[in-house]
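Okay, everyone, thanks for coming.

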Amino acid sequence: MSGVRDPRAAQADLARLRRLRWSSFALVSGAYILSFFHRIAPAAIAGELREAFHASGAELGALAATYFSVYTVMQVPTGVLVDALGPRRIVALGGVVAGAGSILFGSAATLGGASLGRAIVGLGVSVTFVSLLKLVASWFREREFATLSGVVMFMGNLGAVLSAAPLAWAVGVTSWRNVFVAVGLSSLAGAAVTWLLVRDDPREAGLPSMRALEGRAEHVQHGGRWWEGLLAVVRNRATWPAFFVNLGLGGAYLSFAGLWAVPWLTTVHGMTRARATAHTTVMLVAFALSSIAVGWISDRVGRRRAPAVAIGAAQVLCWVPIVLGVPLTPAAGFALFALLGATATGFTLSWASVKEVNPPAVAGTAMAVVNTGVFLGPTIYQPLVGWVLDRSGFPAGLLVLAACSLCGLVAALFVRETRCRNVSGG
């Protein structure tokens, strides 16, 4: 653009941009909420799944882990696809795939069919997180990115909350099969609306970019091939501590919240499913609120490693009464689960820390690589805990998760502290 823009035209552009960016943000956030719903849902219907498919603990763990295995493999390819095709196309396609998978899962007559459906769901929803962050980067100011990343985590956890007590209630009213078919149809509808209304970038809607509105030059794009950027990230030793923080702390938390928390509470502590899912709801709400607070605190103090270590240490301590099987009064049970959720957020600083130890041009690839650790953990731990549980019971099975959480804490000690600044000066 050349010359001085008409101030009234600039204001009109800004008003239209605000409307479009929030509608796009809301639609893609809806897909992200559904991804969390599917992630945690097996915990609330574990009993129904066991009964429907006559599944052992190991088989139930393997069923739940199919989602995570596909999700894990898709993280880096998603970054490449979103950069090449844009969030709109990828999220719409993912919604169609996830919808079909959810309908198949709800209709499955065999454990193999249910596993296939859950794998297809994992494939469809695996694109939402990276796509949403890409959309935020395109439609919002850079100084708003960290705040909105926290909001993204909060909104995603709303889906996790929906997969706890509300899902248990819905299953009691109808059936788990009807619920997942309905969720699948919602995904298909959301995909259609996303295709019609979402735009990848303000310029796609005939508007100036955010940086142009601020009078700044556009970012320099990565000039090499996509795999050259990926190699630069994986060869950087400073990338890997954040990956193992996610693998340990994040993987253990998601494995427990996503499958084994409700069976542990009902089997070991004799709770009803409604009361058990109420505990997991408290845990998920605490995680959602803490994810915003932890990011804000980290930015305020200008540190990544110290908050991650402190919160990670508290998370490890929370596993002690779980492994020891300490009796839980109603107040103690809810307090423990609130602490479990609030202290699980140490791993959420991994995206900021890895972004700051890699060049800005490959920040998306770096975050995708680290994000793989979050989902590789449950892929391994959920069936492993089921296998140990079948042989030795819950204390031994949950000791596995406690040990993995401790390994994540150790990894946090090796995160490079950059004082919230990019080491390359970008």
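Before the first pair, one convention: an angle under 35 degrees counts as roughly parallel, over 145 as roughly antiparallel, 65 to 115 as roughly perpendicular, and the rest as oblique. And keep in mind that what you're looking at is a predicted model.

So, helix H3, residues 57–85, and helix H12, residues 240–268. Their axes come within 11 Å and cross at roughly 130°. H3 and H12 are therefore oblique to each other. As for handedness, H3 and H12 make a right-handed crossing. Who's touching whom? On the H3 side you've got Gly-57, Leu-60, Gly-61, Ala-64 and Phe-68, and these meet Leu-254, Leu-259 and Trp-260 of H12. Sort the residues of that H3–H12 contact by class and you get 6 nonpolar, 2 polar and no charged.

Helix H4 covers residues 87–107, and helix H9 covers 176–197. The axes of H4 and H9 come within 7 Å, with a crossing angle of roughly 165°. That makes H4 roughly antiparallel to H9. The H4–H9 crossing is left-handed. Its contact residues split into 15 nonpolar, 8 polar and 3 charged.

The other partner is helix H6, residues 128–139. How far apart are the axes of H4 and H6, and at what angle do the helices pack? The axes are 10 Å apart, and the angle is about 155°. H4 and H6 are therefore roughly antiparallel to each other, too. Handedness here: H4 passes H6 in a left-handed crossing. From H4, the contact uses Pro-87, Ile-90 and Val-91, while H6 brings in Ser-131, Lys-134 and Leu-135. By class, that H4–H6 contact has 4 nonpolar, 1 polar and 1 charged residues.

The largest cavity has a volume of about 110 Å³. It's lined by 13 residues, and the closest to its centre are Tyr-32, Phe-36, Arg-39, Met-153 and Trp-351. Helix H1, residues 7–40, and helix H17, residues 363–392, each give at least two residues to the lining of this cavity.

Of its 16 lining residues, Gly-30, Ala-31, Leu-34, Ser-187 and Gly-190 are the closest to the centre. Elements giving two or more residues to the lining are H1, H4, helix H5 (111–125) and H9. Which of them has the largest share? H9 does, with 5 residues.

H4 and H9, the pair with axes within 7 Å, both turn up in the lining of the second largest pocket. And H1 gives residues to that pocket as well as to the largest cavity.

That's my tour, so let's open it up for discussion.

Terms used
Residues are numbered from 1 along each chain as its sequence is written. This is a predicted model: local features need pLDDT of at least 70, side-chain atom pairs count only at pLDDT 80 or more; totals for chains, interfaces and linings use all residues. Side-chain values use heavy atoms; hydrogens and water are left out. Axes are lines fitted to C-alpha atoms, for helices over the stretch in contact, and angles run from 0 to 180 degrees between N-to-C directions. Helices (H or I, at least four residues) and strands (E, at least two) are DSSP runs, numbered from the N terminus. A crossing is left-handed if the near helix is turned anticlockwise from the far one by less than a right angle, and right-handed if clockwise. Contact means heavy atoms within 4.5 Å. Ala, Val, Leu, Ile, Met, Phe, Trp, Tyr, Cys and Pro count as nonpolar, Asp, Glu, Lys and Arg as charged, and the others, Gly among them, as polar. On a 1 Å grid over the protein atoms alone, a cavity is a set of points where a 1.4 Å probe fits but cannot get out, and a pocket is an open set with protein on both sides within 12 Å along at least five of seven lines; lining residues have an atom within 4 Å of a point. Grid points are joined across faces, edges and corners, and a volume is the space filled by probe spheres set on the points.
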